[in-house]
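Hi,

Here is the structure I said I'd pass on. Have a look, and my notes follow below.

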Amino acid sequence: MNYLITGIAGFVGSSLARAILTKHPKARITGIDNMSFGYRERLSDIVDRIEFIEGDLVDIERLLGRRRFDSIVHCAAIAPLPECQRDSYRALSQNVAICGAVADYALASGSRDIVFFSSGAIYEGTAQFPTREDISIATSLIYPTTKYIAEQYFEAMCRSHGLNVTAIRLFNLYGPHQDYFRKQPPLIGYLLTNLIRDQQAVLFSSGEQCRDYIYIDDLLELVQLSAVKMMNELTGGKFVAVNAGSGEPVSVNAIIEILETLSGRQLKIERRPAAQYWDKYNELFDRPIALDRIVIEREVNKHTQAAITKAREELGWVAKVGLQEGLNACLNHAQRIILL
Ligand SMILES: NC(=O)c1ccc[n+]([C@@H]2O[C@H](COP(=O)([O-])OP(=O)(O)OC[C@H]3O[C@@H](n4cnc5c(N)ncnc54)[C@H](O)[C@@H]3O)[C@@H](O)[C@H]2O)c1
């Protein structure tokens, strides 16, 4: 198969390229990244086997010409919540308008099928667990709002232009190549960095809140199943939204306990109230953000659990990698790349 992966220097994009090449050494992969959040090192072992184009998707036609792809996997986005909150215009341009550039390119080049990375964050505020894909959605934070608008845009393009789009509503993802270095790395990257450096981790909660975590290899299998299923569709025009989660929520404290056991070290923890979570990003904000502290508190303490029936029934997919096994792989990798 011939893939275009956007955001290929990101966590998901680079892992996907590597997984495809491992399973299908003859697959052709073209990747674009503007390096706003990507790392070149993530591609170092595969860069000779892919075509990597550094550039912004806003210029996709100029960067690629008119090449047809069997599958376009659209990973590029601004993912950190505070980044989106800080500049909602930029968040909308990068997370919504860029989808327009990708879909228009797909149509112009005769590439019919797109896997789009949405997010389980769009279920913000729900009290229905496990959360099914068909519940009504009412977001208040900018990042999930951009993902939901993008889904609606893609659904319209499927109806009006015959594209096929699978929107993957990804819950908390983790894996060896996750981000350890950005100012606000996701939880597991943050815990591992502090554990390995023997530094104090600041946690803004009791740690009892539970989230649904999914290991990268399980996600990659879901992406490949989705791409192949769309390719085998005789006609276009189909939009599907599917959850990507393990279906088994786990608490922050349980993750810390596993990491401590695996590493034989104890994590130093300072706990602060959830409502203060974004205070640590003060330097990110050029202007005060008029955001209710209750919204922040609710976001930090939120419970998530994906309903996984749809992925099982439509794609024959279930998550297989257990937390212990996945965290062990992360720890081994992190110990190699995090400087003490
Ligand atoms: N990692 C998670 O836990 C998670 C959870 C839910 C959803 N998602 C979504 O999955 C997708 C992949 O996530 P990730 O963890 O790999 O994110 P990431 O930040 O590691 O990767 C995104 C990549 O896109 C690139 N990019 C951004 N805008 C671009 C543009 N205009 N042109 C070219 N490149 C651009 C960035 O440089 C980065 O390398 C994102 O859409 C994200 O919103 C991620």
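A quick definition to start: the expected span of a helix is 1.5 Å times one less than its number of residues. Helices (H or I, at least four residues) and strands (E, at least two) are DSSP runs, numbered from the N terminus. This is a predicted model, so local features need pLDDT of at least 70 and side-chain atom pairs count only at pLDDT 80 or more, while totals for chains, interfaces and linings use all residues. Residues are numbered from 1 along each chain as its sequence is written, and side-chain values use heavy atoms, with hydrogens and water left out.

Helix H4 (residues 88-109) has 22 residues and runs 31 Å from first C-alpha to last, close to the 32 Å expected. Still, H4 bends by about 30° at alanine 97 (the angle between axes fitted to the seven residues ending there and the seven starting there). After H4 comes glycine 110, with a positive phi near 75°.

Now the rings. Searching the whole structure turns up 8 aromatic pairs (Phe, Tyr or Trp six-membered ring centres within 6.5 Å; planes under 30 degrees apart are stacked, over 60 edge-to-face, the rest tilted). One of them is phenylalanine 116 with phenylalanine 154, tilted, at 5.0 Å centre to centre and 50° between the planes. That pair joins strand S5 (residues 113-119) to helix H5 (residues 142-161), 38 residues apart.

Tyrosine 153 counts as partly exposed because its relative accessibility is 23%. Elsewhere, Tyr39, Tyr180 and Phe181 form one aromatic cluster.

Cheers

Notes: Buried < 20%, exposed > 50% of the residue type's maximum accessible area, 1.4 Å probe, protein only.
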